[in-house]
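Dear colleague,

Please find the structure below, followed by notes on what was found in it.

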Amino acid sequence: MTRKLVCIVCGRKFPQGQGVVISIEGKEYTFHSKSCAIKFLRRVIDEAQELGIKRIMDSVEKEFIEELKRREELRKKVI
Ligand SMILES: [Zn+2]
């Protein structure tokens, strides 16, 4: 039997394996869709700004940019 989860943003129930689940320190934050997850995360980001989240976002952005560059270089090698 699949576990039923409840979206913490809109209250909709959904089966485990669908939707988006983010676990932090053993707690699960459950969202029935990506848009509910984004809605929640946007507010988290707003409220976390004073805790210095920008530094973390900039460093994650850098990681993604580097990944893109690596992929771009790999593609060039293949051609
Ligand atoms: Zn939802």
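**Helix 2 and the rest of the chain**

None of the 26 residues of helix 2 is buried, so this helix lies largely in the open. Burial here requires 20 or more other C-beta atoms within 10 Å of a residue's own. Helix 2 covers residues 53–78. From its first C-alpha to its last it reaches 38 Å, close to the 38 Å expected at 1.5 Å a residue.

Please keep in mind that this is a predicted model. The protein chain has a mean pLDDT of 94, and 97% of its residues reach 70 or more. Among the elements, helix 2 has the lowest mean pLDDT, at 93. The highest, 97, belongs to strand 4, residues 27–31.

**Overall layout**

The protein chain contains 2 helices and 4 strands. Read from the N terminus, their order is β-β-β-β-α-α. The radius of gyration is 17 Å, well over the 12 Å that the globule rule gives for 79 residues, so the chain is more spread out than a compact globule. The C-alpha trace spans about 45 × 40 × 25 Å along its principal axes.

Two further totals describe the protein chain. Buried residues make up 4% of its 79 residues. Of the contacts with a separation of 6 or more, 23% are between residues 24 or more positions apart.

**The hairpin of strands 3 and 4**

Strand 3, residues 20–24, pairs with strand 4 in the antiparallel sense, over 5 bridges. In this pairing Val20 stands opposite Phe31 of strand 4. The two strands form a hairpin with 2 residues between them.

Glu25 is in the loop between strand 3 and strand 4. Its phi is near 50°, which is a positive value in a residue other than glycine. Glu25 is exposed, because it has 4 other C-beta atoms within 10 Å, and the limit for exposed is 12 or fewer.

Gly26 also has its place in the loop between strand 3 and strand 4. With 5 C-beta neighbours inside 10 Å, Gly26 counts as exposed. Gly26 and Pro15 are 11 residues apart along the chain, and their C-alpha atoms are separated by 20 Å.

Which loop holds Gly19? Gly19 lies in the one between strand 2 (13–15) and strand 3. Gly19 has 18 other C-beta atoms within 10 Å, so it is classed as partly exposed. That class falls between the limit for exposed, 12 or fewer, and the limit for buried, 20 or more.

Leaving aside neighbours within four places in sequence, Gly19 is in contact with Leu5, Cys7, Phe14, Thr30, Phe31, His32 and Ser33. Val60 is 41 residues from Gly19 in sequence, and the two are 23 Å apart in space, C-alpha to C-alpha.

**Arg3, before strand 1**

Arg3 is found in the segment before strand 1 (4–6). Is Arg3 buried or exposed? Arg3 is exposed, since 7 other C-beta atoms lie within 10 Å. Between Arg3 and Ile24 there are 21 positions of sequence separation and a C-alpha to C-alpha distance of 19 Å.

**In short**

The elements run β-β-β-β-α-α, and strands 3 and 4 form a hairpin. Glu25 is exposed, as is Gly26, whereas Gly19 is partly exposed.

Regards

Definitions and conventions
Residues numbered from 1 in each chain as written. Predicted model: local features only at pLDDT ≥ 70, side-chain atom pairs only at ≥ 80, totals over all residues. pLDDT = per-residue confidence, 0-100. Pairing = 2+ DSSP bridges. Contact = placed C-beta atoms within 7 Å. Expected span 1.5 Å × (residues − 1). Rg over C-alpha atoms; globule rule 2.2 N^0.38 Å.
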